[in-house]
Amino acid sequence: MNIKITGTGSYIPNEIERNEDFASHQFHNENGTQILQSNTVIIDKFKKITGIEERRYASAQQNTSDLAFLSAEKAIQDAAIDPETLDYIIVAHNFGDVNKNSSQADTIPSLAARVKHKLKIKNPYCVAYDLLFGCPGWIEGVIQAQSFIKSDMAKRCLVIGAETLSRVVDHHDRDSMIYSDGAGASIIENTKDSGGIISTISASYTLEESNFLFFGKTYNQNSEDTNKYIKMHGRKIYEFALNHVPLAMKACLDKTDFDIADVKKILIHQANEKMDEAIVKRFYGLYNQEVPEGIMPMSIQKLGNSSVATIPTLYDLILNKKIENQSINKGDLLLFASVGAGMNINAFVYQN
């Protein structure tokens, strides 16, 4: 049984928010004090650490489920399938549909149900549900889809990662510059083709780490704003990711008969360029190997961190030759990996 990704699609919003667009923001520290450095210095330091130059925001008329639907349409078309033959629609997200200028999540009905409705699927046995697993949500959806297919509960699944993080950011928080919007979708099915998903791994660290990412009030204590926004303990997340993600990636690869030298590309959650580079360097260090040039494609420079959407979007862009100097060929061995709120980590080894 070879369970493969047979179709991909992504939706990248049209609105571009550049680093210089944050020049007029008033940034505060976690304790509420105003940051005294100039915004020019703050933005320059931000770019050096994260690699982000610009990010995409959804238009005022669009919501997370809209982006998910648009990416799903493309994946269905790419796979050349009848959507009525889908057994599951799994939508990974974090905050549901959030209207512009609001941070209140709307998850009734589920985003998956909304996507199924927009796709006009009549089949009641096409089960639609949402998945909350932080940034690793799309990978976890792929792992669940594989399990459904292996256990003969399904033949074909649609897995989507979609987010509009621009709706849940505190404009007085420097970390707001990281986040962006987007969606990526994939068709997962059993095929006669060679390759596919070879091994998987998932983990949740919740004893001390569960609140590294959380919902909190604005850092501007003079504001009357009572809404809550996405917050993170950046240093703790960086250290956690560096200590645990490479080990999970190694455990996933070591489940297979492949060698580290066989890996052609690592598609890792696009959260922070320096962090991702450090994770991959430590991963190769576990095998006493140097990092091969071009092993880790990046999209964060122009697209920012769109959470669950980063990996499926990156994969779709590479397949469609939209990432400069990057390509994936038939038979290439890929390692997908992610880390995020929870704190959750997962990975899968995949032969294209």
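How many bridges join E12 to strand E13 (residues 344-351), and do they run parallel or antiparallel? Eight, and the two strands run antiparallel. Some notes on the rest follow.

1. Ground rules. This is a predicted model, where local features need pLDDT of at least 70, side-chain atom pairs count only at pLDDT 80 or more, and totals for chains, interfaces and linings use all residues. Residues are numbered from 1 along each chain as its sequence is written, and side-chain values use heavy atoms, with hydrogens and water left out.

2. Overall build. The chain has eight helices and 13 strands (DSSP runs numbered from the N terminus, helices being H or I with at least four residues and strands E with at least two). Its radius of gyration is 20 Å, close to the 20 Å that the globule rule gives for 352 residues, so the chain is as compact as a globular protein of that length. That radius is taken over C-alpha atoms, and the rule is 2.2 Å times the number of residues to the power 0.38. The C-alpha trace spans about 60 × 50 × 40 Å along its principal axes.

3. Of the 352 residues, 57% are buried (under 20% relative accessible area; exposed is over 50% and partly exposed in between, with a 1.4 Å probe and protein chains only). Take the contacts (heavy atoms within 4.5 Å) between residues at least 6 apart in sequence: 77% of them join residues at least 24 apart.

4. The E12 strand. Strand E12 (residues 333-340) has eight of its eight residues buried. On one side sit Leu333, Leu335, Ala337 and Val339, and on the other Leu334, Phe336, Ser338 and Gly340, all buried. As a reminder, side chains in a regular strand alternate between the two faces of the sheet.

5. Neighbours of E12. Strand E11 (residues 263-268) runs parallel to E12 and is joined to it by five bridges (strands pair if DSSP finds at least two bridges between them). Ile266 stands opposite Leu335 in E12. On the E13 side, Leu333 has Gln351 as its bridge partner. The hairpin of E12 and E13 has three residues between the strands, and Gly342 there takes a positive phi near 145 degrees.

6. The E6 strand. E6 (156-164) is also mostly covered, with nine of its nine residues buried. Arg156, Leu158, Ile160, Ala162 and Thr164 point one way, Cys157, Val159, Gly161 and Glu163 the other. Note that Arg156 and Glu163 are in that buried set. E6 pairs with E4 in the parallel sense over five bridges, with Tyr88 partnered by Cys157. With strand E7 (residues 181-191), E6 pairs in the antiparallel sense over nine bridges, and Arg156 has Glu189 as its bridge partner there.

7. Helix H3. In H3 (residues 111-118), Leu111, Ala112, Arg114, Val115 and Lys116 are buried. These buried residues pack against helix H2 (64-79) and strands E4 (88-92), E5 (127-131) and E6. After H3 comes Lys120, with a positive phi near 60 degrees.

8. Ile89 as a place to look. Ile89 is in strand E4 and, at 0% relative accessibility, counts as buried. The C-alpha atoms of Ile89 and Lys116 are 7.4 Å apart, though 27 residues separate the two along the chain.
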